[in-house]
Number of protein chains: 4
Amino acid sequence: MIRLNNDYSQGAHPAVLKALTETNGESHSGYGIDDWCEKAAQEIKSHLDCPDAAVHFLVGGTQANFIAIAAALRPYQSAVCADSGHIHAHETGAVEHIGHKITTLPSPDGKLTAAQVAAIAENYWTSPIREHITQPRLVYISFPTEYGSLYSLQELTDLHMVCEKYGMYLYIDGARMGYGLAASRDVTLRDLAGLADMFTIGGTKCGALFGEALVITNPALTPDFRSYIKQNGAMLAKGWLLGVQFCALFENGLYFDICRKAVAQALQIRAAFAAHGIPAYVDSPTNQQFVILSHKQIEALEEKYVFEPDHNVNSTHMCVRFCTSWYTSDEDVHALVEDIEKL
Amino acid sequence: MIRLNNDYSQGAHPAVLKALTETNGESHSGYGIDDWCEKAAQEIKSHLDCPDAAVHFLVGGTQANFIAIAAALRPYQSAVCADSGHIHAHETGAVEHIGHKITTLPSPDGKLTAAQVAAIAENYWTSPIREHITQPRLVYISFPTEYGSLYSLQELTDLHMVCEKYGMYLYIDGARMGYGLAASRDVTLRDLAGLADMFTIGGTKCGALFGEALVITNPALTPDFRSYIKQNGAMLAKGWLLGVQFCALFENGLYFDICRKAVAQALQIRAAFAAHGIPAYVDSPTNQQFVILSHKQIEALEEKYVFEPDHNVNSTHMCVRFCTSWYTSDEDVHALVEDIEKL
Amino acid sequence: MIRLNNDYSQGAHPAVLKALTETNGESHSGYGIDDWCEKAAQEIKSHLDCPDAAVHFLVGGTQANFIAIAAALRPYQSAVCADSGHIHAHETGAVEHIGHKITTLPSPDGKLTAAQVAAIAENYWTSPIREHITQPRLVYISFPTEYGSLYSLQELTDLHMVCEKYGMYLYIDGARMGYGLAASRDVTLRDLAGLADMFTIGGTKCGALFGEALVITNPALTPDFRSYIKQNGAMLAKGWLLGVQFCALFENGLYFDICRKAVAQALQIRAAFAAHGIPAYVDSPTNQQFVILSHKQIEALEEKYVFEPDHNVNSTHMCVRFCTSWYTSDEDVHALVEDIEKL
Amino acid sequence: MIRLNNDYSQGAHPAVLKALTETNGESHSGYGIDDWCEKAAQEIKSHLDCPDAAVHFLVGGTQANFIAIAAALRPYQSAVCADSGHIHAHETGAVEHIGHKITTLPSPDGKLTAAQVAAIAENYWTSPIREHITQPRLVYISFPTEYGSLYSLQELTDLHMVCEKYGMYLYIDGARMGYGLAASRDVTLRDLAGLADMFTIGGTKCGALFGEALVITNPALTPDFRSYIKQNGAMLAKGWLLGVQFCALFENGLYFDICRKAVAQALQIRAAFAAHGIPAYVDSPTNQQFVILSHKQIEALEEKYVFEPDHNVNSTHMCVRFCTSWYTSDEDVHALVEDIEKL
């Protein structure tokens, strides 16, 4: 079987594993206070114009999301996200568990618009009974989104402006950041650092065994951040393992190279579906392709491929996900493209 | 000005105040362990077929709602309610603050259907990744709803059945219970006690200075409930004040009588609007009437009446609330009816 | 039986009840936005030199304590208090429930010293692993303490200085503030307002049916405070009931007068025990007297008096509390004094 | 420099790293639903008599501790531990952050006694005001303790009995379980499984790159446990990495062998200090040795060794920790032994 169901079903990129192996005998201070984490932070910051940004390395994405939100919000403040937002739809109420409401906004393509955000902020700040509702204080978006779609630089700038206007933080979940940057026509890490207050750079889905880098550019959010990490059980004892991996990924641009390859593969798959008249559920330029297949088409493809059911569209069709990754082979992609043509 | 904006803008019914005055010199044990609370609980239970029900008296409705939910849910479990549900829309994220997600369902009239609840439960229990989403475990409804509408006995029975099927608690917020019972054609307190796991009987809006009775009929939810009350700062030091008030309200059926009067008044107002061709936003048989007025009509009525804006319908019309209560006078109602005819 | 077990076993002072009765027919806006609350806040502020202080009225003390702490602390910050502190010993973990550790310090008389606070702050700020421990950020003291003892102006000033030095808030629980001020030789409300960031003025135990005034003098703690109140179910719908009561208590100095009387009575009881050689557990100049009685003495007094067991001292003696209040009669005190002499 | 400051400053045992390398190219389902986790769970269960035990693999110890406690307690319930307990002293209030009070008991050697636990439970259950205090519901102990000391089988049995008597869960933090089992004269994993409701088997400090196995033997605590894991951001995307490591550690008894070696080394160090008249702070039979050194002795040893300051004993002496581990070399131990003799 050819696995195209997700981008986290294999271990690490060989270069990452090699780095872990080579450094295995070294001794380091624990809890992320070590040379490797320091070096990895510098590597990441070399892509930004934020010399004072704080970079923390965490094991997982849910962890990074709720800890960042815990550090940003007071108890009566809430986060705003698309109804497909990972913090709302797939994290078992982690944000609510630490005490914050999430206000969701409808989004057919996984993206929020500045106008939507402005409307919810305006509603709060003009409400005569605003003590009875939560204060929207943080906007959560993902880049790319859960549906693979991407914000343009203009869209991000608009979101940034509306956040600034209403005193809201902009947080960007970059679990698949590498694929997003590879696919974007105009957005760079430098841009994100200038527009977001915090964002993550995902390792788990982009070549690492595990690990997410959380970049905090807003100095109001940096104090005592490590206390939040420890309090939530997210301070890895052998913290240098994260630094070592991110060094391996960011030295020589490996991170960008391997994601670029996966995006190119995904576009081949997208083109094959399109050429065959199979509709995309959302227009995605990244490594995730959501398409609407008939049950018969699904049965045919299931013989050779593992892909992921997303939701039923109607009684005869389903939306499913095909996902490439840094470890997807060209052979597998070509096989799929050929089989799509035969559907 | 004639105030018809809400049902909590005056003190207590004279009989309640009289009872507080007469008992002012008595000495009692604190924290709700006293004869008056015991007597009030018995009065309430005389309306139910649940000799083992627990009855707790709390100062406010938000308090009662979130404490009941805190006692019912484990951290990964969520409450389900209509998008107009008070816990979602008007309690500053109190439920999320104590750690639980609220899943909202669209409802044009403030009511949930059994089918909606079944769908969300079914979705959870059939999900292959259910550890990634919260478990719907409690259904919150209000009787009457925030829009004044009422569930029929059949609708409540259907909700009860679906809750039983999927292992969910049914919680009924009865902040305006007196008006609901007065208006209902077929639902009694006895029915509610048989169908709900917990429900409140509102005092604040129905004749008391303050106070809500929380009735717990499901024995799984009764243990150590007073610990939840104290932990959340809701254990009134002079707890007998609540018992005294509920005794005054439930002796001789005062609670039902005064609410019945208010409902009759509301129906006069409803009839006047209808006769004049002014549409109701929601069909309400209770003391709250939501109607859609033009800005010009609003201006005309605002000269003599205080009523509550709810939301803009379009650029020329607004939905507003007229609310009668135990203290509304017939004169005021007649005046309004006459003025509606002149619109 | 003569009840001297606590100071919250009767209703309201007649003047408070009269005010509630006289205003019962008035109509007011809900949720504490009304003329009475405004007037009561002004009355209280007339005793302070803090024109910008915020005054909020809450129903109960546990409520006031944990909401104030919720507004003051970030998740990784903790409160410091004496091991007899009410938030630690008698509030069912309310502070921990909203997420904050309480660090307790040993105190034989219920008081904290500035040196104790300095030591714990110093320990944190010099710790090489301070991300692994909570940051002490708020000092909770009670005035008078749970054992009836009082801080002198110098002691409070020292605590204020140490808080300032280490960036900590000073919060004073004044559930029995009236008795404390009546007994203190040198502390006034004006002093407290100058030294504390927040403090409460208790109504429940000092003449009100219920109610605590929370005074916030630190402007960093005032924003959106009403959102915290609502979120925690502590916003009384008929908020003016609190304003009315505090107006009645503070007009003409009633609050101070009735507490002064109770303190004088308590000192008579203290003198009687001392004259009879019965040791005080803690030296208290306020309305609570903790004495160590033999089981035989307890039996003798229990025939006529209700008083409160506190803890066993040894196999033959127990520490018990006698508590006067605004409603204690001179006759009852004289009777007790005589009976002590007969022990 | 020779590092003897802790047992988590190196990567993984070579066998663990080898297993990770060999499996790096495999594809697996995510989130711990994979063959390796299943196999590792079976390996661990082969050491127990609990066929129905649940075994979950988590990345870190703080994580395991607070999630286990979150799953065990209702909001008004508290955990009991020694004042040196890791959850109290070194986890930044993680347990309080999720809402639970920790009640600490004094312990000079890091151990709790059954009598201490009984006293606190008795105090709660006999209290007339128990709604005002938290219910002790879980006993947290560590094996070995934070000071390296060990419970005997009898002591554990006594704790188990007292927990059973008062309806409390017994939770054992086994972050250094391997060293504890290697050092114990009479306690086995089988015993722990029979006596505790939940316990962890630490990997991070015992040969793994990272990872703790949480064993739940009490069926009341198993339902939906994975939801707690996900909610708290502790569900590793590539969960098989944990299974692979624990398989490598438990196959052929590697886990026990490498810890046994480290304990033998620690005992050599202990003997050297004792022979030289240097007092141990706590009598420890495990890999952590706490001794009291003069500042001069510390200076002398600091030239060649890294060890950890614990606390000041007086103005001239300090308690410090020497810690062996699976990667400590015999050469280093011999060097230290010789240098101790020269002190």
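This briefing covers chain interfaces, helix packing, salt bridges and backbone features of the structure above.

The model is predicted: local features need pLDDT of at least 70, side-chain atom pairs count only at pLDDT 80 or more, and totals for chains, interfaces and linings use all residues. Residues are numbered from 1 along each chain as its sequence is written, chains are lettered from A and ligands numbered from 1 in the order in which they are written, and side-chain values use heavy atoms, with hydrogens and water left out.

**Interface of chain D and chain A**

- Chain D gives 41 residues to the contact, and chain A gives 41 residues. Contact means heavy atoms within 4.5 Å.
- About 3800 Å² is buried between chain D and chain A, with 53% of that area from carbon and sulfur atoms. Buried area is the accessible area (1.4 Å probe) that two parts lose on being put together, summed over both.
- On the chain D side, D:N24, D:Q231 and D:K238 lose the most area to chain A. Together they make up 17% of what that side buries.
- A salt bridge needs a side-chain nitrogen of Lys or Arg within 4 Å of a carboxyl oxygen of Asp or Glu.
- Polar contacts between chain D and chain A come to 28 residue pairs, both residues at pLDDT 80 or more. A polar contact is a pair of N or O atoms within 3.5 Å; within protein, one must be able to donate a hydrogen and the other to accept it, and residues adjacent in sequence count only if both atoms are side-chain atoms.
- Five elements of chain D each supply at least two residues of the side that touches chain A: α1 (14-22), α3 (61-72), α5 (94-97), α10 (225-231) and α11. Helices (H or I, at least four residues) and strands (E, at least two) are DSSP runs, numbered from the N terminus.
- The chain D side that touches chain A has 15 nonpolar, 21 polar and five charged residues. Ala, Val, Leu, Ile, Met, Phe, Trp, Tyr, Cys and Pro count as nonpolar, Asp, Glu, Lys and Arg as charged, and the others, Gly among them, as polar.

**Interface of chain B and chain D**

- Here 21 residues from chain B meet 21 residues from chain D.
- Chain B and chain D bury about 1900 Å² between them, 46% of it on carbon and sulfur atoms.
- In chain B, the most area is lost to chain D by B:R74, B:Y76 and B:E131, together 34% of what that side buries.
- Two salt bridges are found across the interface of chain B and chain D. B:R226 pairs with D:E131 in a salt bridge, with the closest N and O atoms 2.9 Å apart.
- The interface of chain B and chain D also holds 16 residue pairs in polar contact, both at pLDDT 80 or more.
- Helices α3 (61-72) and α10 (225-231) of chain B are the elements that give two or more residues to the side touching chain D. The largest share, five residues, comes from α10(B).
- The chain B side that touches chain D divides into 11 nonpolar, four polar and six charged residues.

**Helix packing**

- In chain D, the axes of α11 (residues 240-250) and α12 (residues 254-275) come within 5 Å and cross at roughly 70°. Axes are lines fitted to C-alpha atoms, for helices over the stretch in contact, and angles run from 0 to 180 degrees between N-to-C directions.
- α11(D) and α12(D) are therefore roughly perpendicular to each other. Angles under 35 degrees count as roughly parallel, over 145 as roughly antiparallel, 65 to 115 as roughly perpendicular and the rest as oblique.
- D:A248, D:L249 and D:F250 of α11(D) meet D:L254, D:Y255, D:F256 and D:I258 of α12(D). That contact of α11(D) with α12(D) has seven nonpolar, no polar and no charged residues.
- In chain B, the axes of α12 (residues 254-275) and α14 (residues 330-341) come within 9 Å and cross at roughly 5°. α12(B) and α14(B) are therefore roughly parallel to each other.
- The α12(B) side of this contact is B:Q265, B:Q268, B:I269, B:A272 and B:F273; the α14(B) side is B:D330, B:V333, B:H334, B:L336, B:V337 and B:I340. The contact of α12(B) with α14(B) has seven nonpolar, three polar and one charged residue.

**Salt bridges in the whole structure**

- Over all chains, the search finds 48 salt bridges.
- One joins the side chains of A:R176 and A:D7, at 2.6 Å from N to O. A:R176 lies in the loop between β6 (169-173) and α8 (177-183) of chain A and A:D7 in the loop between β1 (2-3) and α1 (14-22) of chain A, so the pair ties together parts that are 169 residues apart in sequence.

**Backbone features**

- The peptide bond from A:F143 to A:P144 is cis, with omega near -5°. A:P144 sits in the loop between β5 (135-142) and α7 (153-165) of chain A.
- In chain B, the bond from B:F143 to B:P144 is cis, with omega near -5°.
- B:Y31 is not a glycine, although its phi is positive at about 65°. B:Y31 lies in the loop between α1 (14-22) and α2 (35-45) of chain B.
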